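Morning, everyone. I have a few minutes on side-chain contacts. Let me put the structure up.

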Amino acid sequence: MPRMERPARLEMGVISEFEDVEHPGDSARGRRVVQDALPHWYSFTVIAQDPSVRKLKPEDATKSILTSQVRVPADWLEPGPRSHRFHVVDYDETRGHFAKPYALVPASRPWKAIDRFEDATDEQLLSGVSGEQFRAQNVFAIASRTLELFETALGRRVNWSFGDHQLYLVPSAGAMNNAYYSPSDQAIIFGYFQRDGELIRTCLFHDVIAHETTHAILDALRPRLIEPGLADQRAFHEGFADIVALLSVFSISEVVQRALRQHPTFDRDSLKESILFTLAEQWSPNDRGLRSSIKLRADTTWKEGRLEAHTRGEVIVSAVMQTLLEIWLARVERLKGDQQLVMTPAAREGTILLAAEEGAKSAKHLLNMVIRALDYTPPAEIEFADFLDAILVSDQVVAPDDELKYRDKLKAAFKKFGIEPPKERIIDLEDARYENLHFNLLRADRDEVYRFLWQNSLAPVRPGRSKETEFTSDGRPIGRGFSLSRDFYTRVESILPSTRIGPDGFIVNESVASYVQYVDGPLRDLVALSKTKTERSEGTLSVPAGVDLDTKVRMYGAGAIIFDQFGRAKYHQIKPLEDWDRQSRRLRQMHGLGYFDRQGALDDTALRASLHAPRYERGEW
């Protein structure tokens with residue numbers, strides 16, 4: 001039976017579908033031509049910082065806004081743009097205006113994304129229909145890039161906390177001096193406002209988009225961080241989002257080059273004043289930024305004096321950015337020797353490019369470190385010291401040598417704020433019992449992990465072992481069990497895979513199991529419970545004056561277990577429920593923040609909503 005031939009469809013001289021094509025010189029047979037390989041990345045133009053950050057000496061005065069092309073994972077894109085993870089919906093509630101969904105990919109050429117703004121003028125970026133289209137591209141590209149940074153560092157996909165697949169991005173939601181992540185709306189909301197006759201759009205701020213996307217990702221990875229908790233826990237959400245925003249912008253070479261041209265002496269003090277260490281320049285009345293945490297005075301007064309989430313979160317932002325600055329300065333010293341960057345124009349330009357590259361590399365490496373650390377943090381009751389501990393331990397797993405001394409510089413920067421790794425929080429595990437357990441299930445099944453916890457909660461000392469605490473070579477205690485009470489409600493909440501790649505290409509496969517413990521009751525009963533001493537308990541619960549002892553409160557404990565590729569537990573990050581000193585500090589801080597209502601009861605609903613609530617009535621973000 002003769003074979004039916006179909007003409008091949010050619011696009012730009014390339015056969016783009018599976019087609020049977022007649023082989024030249026042999027009409028009796030054909031060949032199957034494979035499809036074009038799908039792209040792995042798209043490149044889209046975004047505003048590198050915000051519209052107030054301009055090129056110092058633009059070749060074309062109509063193109064003065066500093067832009068950059070960023071790489072985002074390729075995806076099937078519908079108009080909006082809409083991918084399988086993000087959906088841009090440009091509806092302006094104030095004006096009642098619905099912008100036409102913008103298509104980044106022509107309908108006739110799927111998988112062939114077009115960047116129409118690569119050579120756009122400032123007017124095209126900011127005004128008219130093209131301005132609407134660029135706003136859609138800007139929020140989509142930066143949010144997609146931010147999510148990709150997390151998924152690459154963690155070695156897995158991140159699923160949104162609200163259960164659906166797509167997060168809405170609303171570039172022009174309405175007239176308000178704010179931008180925020182709203183879990184209930186499954187959206188990031190960007191407002192706009194007038195100042196001195198100028199229209200300020202928050203959807204055009206690279207750092208604001210990255211910050212709010214990080215809130216959504218952190219809510220997905222550690223959803224209990226918005227539970228009523230320690231002041232550090234709430235501040236961590238804000239501080240971590242600032243860190244990611246700053247480091248992600250810092251990793252764009254064009255931004256670093258712009259800063260170096262403005263501060264050519266490359267000294268510590270002038271760099272602290274640069275755009276690299278400042279958030280939301282155009283948002284502030286003087287274009288100096290809403291927050292410049294690196295300038296924060298390093299002391300310990302923040303522990304009681306800074307309870308509000310944004311101001312307290314600046315502590316960890318300052319420590320991380322101080323670390324970045326020190327690492328960058330050290331790396332550039334190798335390039336410039338003992339001279340300043342001010343040389344002959346040609347030599348100076350070359351040195352700036354090299355210095356910018358070193359800065360971007362340093363920022364990207366540090367960003368990977370802080371993101372990877374999330375798996376080693378407790379899922380609740382997190383404190384700044386736990387974050388530092390998680391960075392140090394998770395990085396040591398993938399980069400044991402640490403040639404550039406990132407970990408030493410981080411410890412030194414945090415220590416200036418009185419933050420040091422806890423001695424018995426992340427512990428190495430030995431003598432865990434695996435009988436009657438299945439290693440493959442320990443990496444995937446919550447019930448199997450719960451069984452593992454249940455039978456190893458308080459492991460007995462094996463014959464021949466000392467009852468005294470033993471330590472690893474780097475000073476970590478070796479755990480003989482999980483030090484968990486079976487009397488409290490315990491829930492294994494997630495088991496997630498992780499593939500980490502170190503600087504030398506070394507691959508580490510792990511699984512991360514997170515669990516929480518809690519007890520509910522009136523404070524009167526919890527105080528009595530704290531007086532029942534066990535080998536796990538620390539201190540006695542203290543209730544702040546003015547809080548009714550009949551107030552019902554939930555006390556949390558939490559932990560994360562790191563399993564190796566063979567299913568054996570190797571690290572345990574623990575925040576014991578029976579640490580009554582910590583529970584007392586938690587009550588005191590919640591009372592200081594006004595989380596108890598006028599009758600002294602815990603206002604749980606208001607607390608949960610407050611983290612992501614709009615703050616435009618206070619004129620800040």
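Start at R306. This arginine counts as partly exposed, at 23% relative accessibility. Its salt-bridge partner is E314, and the closest N and O atoms are 3.8 Å apart. Is E314 buried or exposed? E314 is buried, with a relative accessible area of 12%. The cut-off matters here: buried means under 20%, so E314 at 12% falls below it, while R306 at 23% is partly exposed.

A word on the source. This is a predicted model. Please keep that in mind as we go.

Now the salt bridges in general. How many does the structure hold? The count is 32 salt bridges. I'll pick out a few.

Take R268 and E326. They form a salt bridge, with the closest N and O atoms 2.8 Å apart. Where do these two sit in the chain? R268 is in helix α6, residues 268-272. E326 is in helix α8, residues 309-336.

Next, D395 and R407. Their side chains meet in a salt bridge at 2.6 Å, N to O. D395 belongs to helix α10, residues 384-398, and R407 to helix α11, residues 406-415. The two residues are 12 apart, and this pair also links distant parts of the chain. Buried or exposed, for D395? D395 counts as buried, at 1% relative accessibility. R407 counts as buried too, at 10%. Please find this pair on the screen.

There is also a network. Which residues does it link? R156, D375, R500, E510 and K570 are joined by salt bridges.

On to the rings. The structure holds 23 aromatic pairs. One of them is F117 with F134: the ring centres are 5.2 Å apart and the planes stand at 65°, so this pair is edge-to-face. F117 lies in the loop between β9 (97-98) and α1 (122-126). F134 lies in helix α2, residues 128-154. They are 17 residues apart, and the pair links distant parts of the chain. F117 is buried, with a relative accessible area of 5%. F134 is buried at 0%.

Then Y376 and Y571. This aromatic pair is tilted, at 6.0 Å centre to centre and 55° between the planes. What does the pair tie together? Y376 lies in the loop between α9 (345-372) and α10, and Y571 in strand β19 (residues 569-575), so the contact ties together parts that are 195 residues apart in sequence. Both tyrosines, Y376 and Y571, are buried.

Phenylalanines also group. F150, F236, F240 and F387 form one aromatic cluster.

Last topic: charges over rings. The charged end of R201 sits over the ring of Y192, 5.2 Å from its centre. Which ring does R568 sit over? The charged end of R568 sits over the ring of Y434, 4.5 Å from its centre.

To recap: 32 salt bridges and 23 aromatic pairs, in a predicted model. The contacts I'd look at on screen are D395 with R407, a salt bridge, and Y376 with Y571, a tilted aromatic pair. Over to you.

Note on methods:
Residues are numbered from 1 along each chain as its sequence is written. This is a predicted model: local features need pLDDT of at least 70, side-chain atom pairs count only at pLDDT 80 or more; totals for chains, interfaces and linings use all residues. Side-chain values use heavy atoms; hydrogens and water are left out. A salt bridge is a side-chain nitrogen of Lys or Arg within 4 Å of a carboxyl oxygen of Asp or Glu. Helices (H or I, at least four residues) and strands (E, at least two) are DSSP runs, numbered from the N terminus. Buried means under 20% relative accessible area, exposed over 50%, partly exposed in between (1.4 Å probe, protein chains only). Rings of Phe, Tyr and Trp (its six-membered ring) pair if their centres lie within 6.5 Å; planes under 30 degrees apart count as stacked, over 60 as edge-to-face and the rest as tilted. A charge sits over a ring if NZ of Lys or CZ of Arg is within 6 Å of the ring centre and within 35 degrees of the ring normal.
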